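Subject: Handing over the structure

Hi,

Here is the structure I said I would pass on to you.

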Amino acid sequence: MTHTDQTDAHPTDIDVATTIGRTTNSGRRSFLGTLAAATAALTLSRVAPAQAAAASTARKWATGMTLDINFTVATKATGRVKRPYVAVWIEDEAGNTVRTLTVWVQQSRMNPRWLQELRRWTRQNSGMLSTVSSATRNPGTYAVAWDGKTDKGAMATQGTYYVCVEAAREHGPYSLVREKVTVGAASFKKTLGTDNDIEASSVTFSKA
């Protein structure tokens with residue numbers, strides 16, 4: 001009687017199971033790879049616009065452009081009119097000083113009391129006083145220009161800033177105009193506000 005060798009069936013079963021296992025593992029790896037690729041693509045689609053937006057807001061100051069700031073101070077003051085202390089500077093959106101453009105405080109003698117009345121500018125910048133200050137001037141209309149450089153000498157980026165004009169004088173009121181401007185590549189003009197001794201103020205952004 002002929003006997004079938006039962007051991008011949010097992011290698012076939014093992015090969016089938018191994019093949020199925022390999023196929024299953026391969027499919028799982030393929031699925032996980034596809035899922036990972038899809039996740040990466042989704043993440044990139046979300047991050048790329050944000051990176052592009054950040055890049056656009058970080059554009060450098062437009063070459064040759066200047067922000068001219070005009071202001072009129074204390075021409076309508078009456079009574080005993082002392083020369084005003086004045087500070088004009090630029091702040092970023094967080095309120096940090098970017099560039100001090102002019103500070104008028106030097107007289108035959110400095111009066112610390114009235115100097116401290118320029119309280120917004122001195123809050124951050126009192127240490128710069130000896131290097132940026134100049135003589136006080138009579139009431140009138142004046143202009144200063146910002147060429148886009150920061151106090152550290154670097155070029156600012158395009159974006160949103162605050163133009164600040166502050167004034168104080170002995171026997172006179174405290175005055176502050178602080179208004180937002182958005183600086184890009186295109187020219188513009190904007191009328192700013194008034195406050196007590198600051199009777200008029202405006203900005204013009206154009207080629208120098």
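Let's start with a word you'll meet a lot: a residue is buried if its relative accessible area is under 20%, exposed if over 50%, and partly exposed in between, using a 1.4 Å probe and protein chains only. Before you go on, note that this is a predicted model, where local features need pLDDT of at least 70 and side-chain atom pairs count only at pLDDT 80 or more, while totals for chains, interfaces and linings use all residues. Residues are numbered from 1 along each chain as its sequence is written, and side-chain values use heavy atoms, with hydrogens and water left out.

**The sheets**

Two strands pair if DSSP finds at least two bridges between them.

E2 and E3 run antiparallel and are joined by six bridges, with Ala87 opposite Val103 in E3.

**The core**

A nonpolar core is a set of buried Ala, Val, Leu, Ile, Met, Phe, Trp, Tyr and Cys residues joined through side-chain atoms within 4.5 Å. The largest one has 29 residues, and Leu67, Ile69, Ile90 and Trp146 have the most contacts inside it. Strands E1 (65-73), E2, E3, E5, E6, E7 and E9 each give two or more residues to this core. Which element gives the most to it? That is E1, with five residues.

**Rings**

Rings of Phe, Tyr and Trp (its six-membered ring) pair if their centres lie within 6.5 Å; planes under 30 degrees apart are stacked, over 60 edge-to-face, and the rest tilted. By that rule there are seven aromatic pairs. One of them is Trp146 with Tyr161, an edge-to-face pair with 5.2 Å between centres and 80° between planes. This pair links distant parts of the chain, as Trp146 is in strand E5 (residues 140-146) and Tyr161 is in strand E6 (residues 159-168), 15 residues apart. Trp146 is buried at 0% relative accessible area, and Tyr161 is buried too, at 7%. Ring pairs also join Trp61, Trp146, Tyr161, Phe188 and Phe205 into a cluster.

A charge sits over a ring if NZ of Lys or CZ of Arg is within 6 Å of the ring centre and within 35 degrees of the ring normal. Arg119 does this with Tyr174, its charged end being 3.6 Å from the ring centre. Arg178 lies over the face of Tyr162, at 3.8 Å from the centre.

**Salt bridges**

A salt bridge means a side-chain nitrogen of Lys or Arg within 4 Å of a carboxyl oxygen of Asp or Glu. The count comes to five. Arg178 turns up again here, meeting Glu91 at 2.8 Å, N to O. Arg178 is in strand E7 (residues 175-183) and Glu91 in strand E2 (residues 85-91), 87 residues apart. Is each of them buried or exposed? Arg178 is partly exposed at 30%, whereas Glu91 is buried at 1%. Glu91, Arg120 and Arg178 are linked in a network of salt bridges.

Asp197 and Arg169 also form a salt bridge, at 2.5 Å from N to O. Asp197 lies in the loop between strand E8 (188-191) and strand E9 (198-207) and Arg169 in the loop between E6 and E7, so this pair ties together parts 28 residues apart in sequence. Both Asp197 and Arg169 are buried.

Enjoy exploring!

Conventions. Helices (H or I, at least four residues) and strands (E, at least two) are DSSP runs, numbered from the N terminus.
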